[in-house]
Amino acid sequence: MNNILSIFPSAIYIKDTRINTSNMLQVCLDIESEGHGLASQSTFTTETNILEHSYFSLAKSVITSEVRTFAKQIGINMKDVTLGRSWFNIQKQGSTIMQHNHRRSVISGAFYIHADKDAAPITFANPLMAHKMYEPPIGGSTDYDVEFINISAETGKLVLFPSWLEHYVGYNNSDMRVTLSFNFS
């Protein structure tokens with residue numbers, strides 16, 4: 001009898017929160033129009049801890065609860081882990097976010113305040129690819145040879161992941177993609 005044992009899996013947690021994000025979107029747009037953040041080519045980022053804003057209290061509560069659920073499922077003790085920094089990105093058409101991870105954090109996430117059908121997905125890189133020598137792939141058709149996984153951006157969707165997991169946002173085709181990002185450290 002032959003068995004395949006999957007070892008060292010990487011977990012990503014996805015939930016449709018069904019949170020009404022219209023007030024949060026307006027707060028983000030107001031902060032952008034007031035210039036309280038960093039603007040580059042086609043991306044605006046705030047440095048404030050946006051989850052401390054009163055209009056984000058429901059999102060903060062849901063995110064914190066879901067992070068604790070995710071942590072338990074993947075075996076992370078959250079006793080001394082709390083919400084750290086939170087910020088938002090407003091991406092216009094043509095913007096990208098380069099591949100990175102969130103050092104000095106345990107669980108990170110993205111909550112989509114606004115994403116239409118043309119919004120770029122968040123893309124996760126397979127952490128094992130850097131360690132593979134030479135394995136002729138079939139072409140990304142199995143869980144074992146895929147190099148990247150795309151998770152679509154949809155308004156109200158919450159995506160949680162271990163902070164060490166490399167990710168990026170490719171070319172954004174939508175007029176506006178607004179993501180609330182955060183770290184639990």
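Helix 2 is followed by Gly75, whose phi is positive, near 80°. The structure is a predicted model, in which local features need pLDDT of at least 70 and side-chain atom pairs count only at pLDDT 80 or more, whereas totals for chains, interfaces and linings use all residues. Residues are numbered from 1 along each chain as its sequence is written, and side-chain values use heavy atoms, with hydrogens and water left out. Helices (H or I, at least four residues) and strands (E, at least two) are DSSP runs numbered from the N terminus.

Helix 2 comprises 18 residues, 57–74. The expected span, taken as 1.5 Å times one less than the number of residues, is 26 Å, and the end C-alpha atoms are 26 Å apart, in agreement with it. Within helix 2, Ala59, Ile63, Glu66, Val67, Phe70 and Ala71 are buried, where buried denotes under 20% relative accessible area, exposed over 50%, and partly exposed in between (1.4 Å probe, protein chains only). Because these residues cover an arc of only 140° around the axis, they lie on the same side of helix 2; the arc is that of the directions from the helix axis to the C-beta atoms. On the other side of helix 2, Leu58 and Lys72 are exposed. The cover over the buried residues of helix 2 includes helix 1 and strand 1 (13–16), together with strand 6 (107–114), strand 9 (157–162) and strand 11 (177–184).

In soluble globular proteins, nonpolar side chains tend to be buried together. A nonpolar core is here a set of buried Ala, Val, Leu, Ile, Met, Phe, Trp, Tyr and Cys residues joined through side-chain atoms within 4.5 Å. The largest such core has 31 residues, and those with the most contacts inside it are Phe56, Ile63, Phe111, Ile113, Leu180 and Phe182. At least two residues of this core are supplied by each of helix 1, helix 2, strand 4, strand 6, strand 9 and strand 11. A second, separate core of eleven residues includes Ala110, Ala115, Ile151 and Ala153.

Two loop residues were also examined. Ser95, in the loop between strand 4 (83–91) and strand 5 (97–100), counts as buried at 2% relative accessibility. A polar atom of the Ser95 side chain lies 2.9 Å from the backbone oxygen of Lys92. Beyond residues up to four places away in sequence, Ser95 touches Ser42, Thr43, Gly170, Tyr171 and Asn172, contact being heavy atoms within 4.5 Å. Gly37 lies in the loop between helix 1 (22–33) and strand 2 (38–40) and, at 29% relative accessibility, counts as partly exposed.

Key
Polar contact = N/O pair within 3.5 Å; in protein donor to acceptor, adjacent residues only side chain to side chain.
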